[in-house]
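User: I have a structure to go through with you. Can you take my questions as they come?

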Amino acid sequence: MTVGYYAPLPPARTGVADYAAALLAALRPYGAVEPNARRADIALYHLGNNQLHSAIYGRALAHPGVVVLHDAVLHHFFLGALDRTAYIDEFVYNYGEWHRSLAEDLWNARASSGFDNRYFDFPMLKRIAERSRAVVVHNPAAARMVREHAPAATVIQIPHLALPRDLPPDWEAIRLRDSLGVSTSATLFGAFGYLRESKRLFAILRAFARLRRQRPDAHLLVAGSFVSSDLARAAAPLLHAPGIVRMPFLPERDFWRAARAVDACINLRYPAAGETSGISIRLMSAARPVLLTAAEENSCYPPAACLRIDPGLAEEDSLFRHMFLLTSWKACAGEIGQRASVHIVEHHQANRIAEQYWNLLCAYRY
């Protein structure tokens, strides 16, 4: 059996590309897997919500196979891929003619799509879910979204794959902390990845400012690129506050060095897009406690393997209290990190995930 493999791959700077490369390597021992194959017995398509996936989405409709939804909200993908008329028609295809006026309003207000809940409430999954032989998702929220759009679709939940670790030795992490002015006794929080409205950066910065007044030795590393210049300008004054260290996008080796250097990771998502965070999986695999939004997307993690932050009005206070706990009780942070690492080993390792994918591809190759 030959599997056609369609996904963005490195050097593309996306979590989907990193995931796709790791899964590709893990699948090859099972059989022939050919990226961008012209012909294959079954196709595996990786879809996300940016324009790197435009050609893949089109091919997945024309030549149906198994689709992996890395984001279960494709609304933002269509905003970037379609013109006004095509966008409205696609929205109507998903939700009915009676929603045409809403589609027009959403198109006109699309500049606010990064933080307006309405764009997350309408995932626009119907066409790809109905057309595909099977749809792979990584969490219960994504599975629910697909079934709401296409009740007859075959939906398979496979845990998110843990990328190969490249953890540096302790002395490299200590050296990095020293270069940042963070002592080994202080608590260093980290926020990684593309910085967009839904990553809740402003709530993080406000909660950290409260923490810093009570824990002057606490530090926050913010590493990643902003997705918009407007967001970067708005955040700039807050990022110069005491205790905050700013880094750009980190190459693989530097990312793992920073992951080893931090004591905890803050990785919030609200509104959520049905995605499972690869960064959370990475930090949990490195035995670091991760502070996650309390959402259906994160419901598969054991309660004792992460810290859940209430979304909405309670978010900032919930985040502050959990950060204060980690700075006050370091043994607790270590225990959470160790339980997280055990969970990742048991459920997210590449060989386990690849076997599930291969069995699924074999079942749907005809």
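User: Which residues of helix α9 are buried?
Analyst: This is a predicted model. In α9, which spans residues 170-179, the buried residues are E172, A173, L176 and R177.

User: How are they arranged, seen down the axis of α9?
Analyst: They fall within an arc of 135°, so they line one face of the helix. An α-helix has 3.6 residues a turn, so residues three or four places apart point the same way.

User: And which exposed residues sit on the face turned away from the buried side of α9?
Analyst: That face carries R175, D178 and S179.

User: What do the buried residues of α9 pack against?
Analyst: They pack against strands β7 (188-192) and β9 (244-247), and against helix α12 (252-261).

User: Which residue just after α9 has a positive phi?
Analyst: G181, with a phi of about 80°.

User: Switching to the open sheet. What is the strand order?
Analyst: The order is β2-β1-β3-β4-β5-β6, with parallel pairing. β2 (32-35) and β6 (155-157) are the edge strands, each pairing on one side only. On average, neighbouring strands are turned by 25° against each other, direction ignored.

User: How many bridges join β1 and β2?
Analyst: Strand β1, residues 2-6, pairs with β2 over 4 bridges in the parallel sense. Y5 has P35 in β2 as its bridge partner.

User: Which strands does helix α1 touch?
Analyst: Helix α1 (residues 15-27) touches β1, β2 and β3 (42-47), and its direction makes about 155° with that of β3. Helix α2 (residues 54-62) also packs on the sheet, touching β1, β3 and β4 (66-69). For α2, the angle with the direction of β3 is about 140°.

How values were computed: Residues numbered from 1 in each chain as written. Predicted model: local features only at pLDDT ≥ 70, side-chain atom pairs only at ≥ 80, totals over all residues. Heavy atoms only, no water. Pairing = 2+ DSSP bridges. Helix = DSSP H or I, 4+ residues; strand = E, 2+ residues; numbered from the N terminus. Axes fitted to C-alpha atoms, helices over the stretch in contact; angles between N-to-C directions. Contact = heavy atoms within 4.5 Å. Buried < 20%, exposed > 50% of the residue type's maximum accessible area, 1.4 Å probe, protein only. Arc of directions from axis to C-beta.
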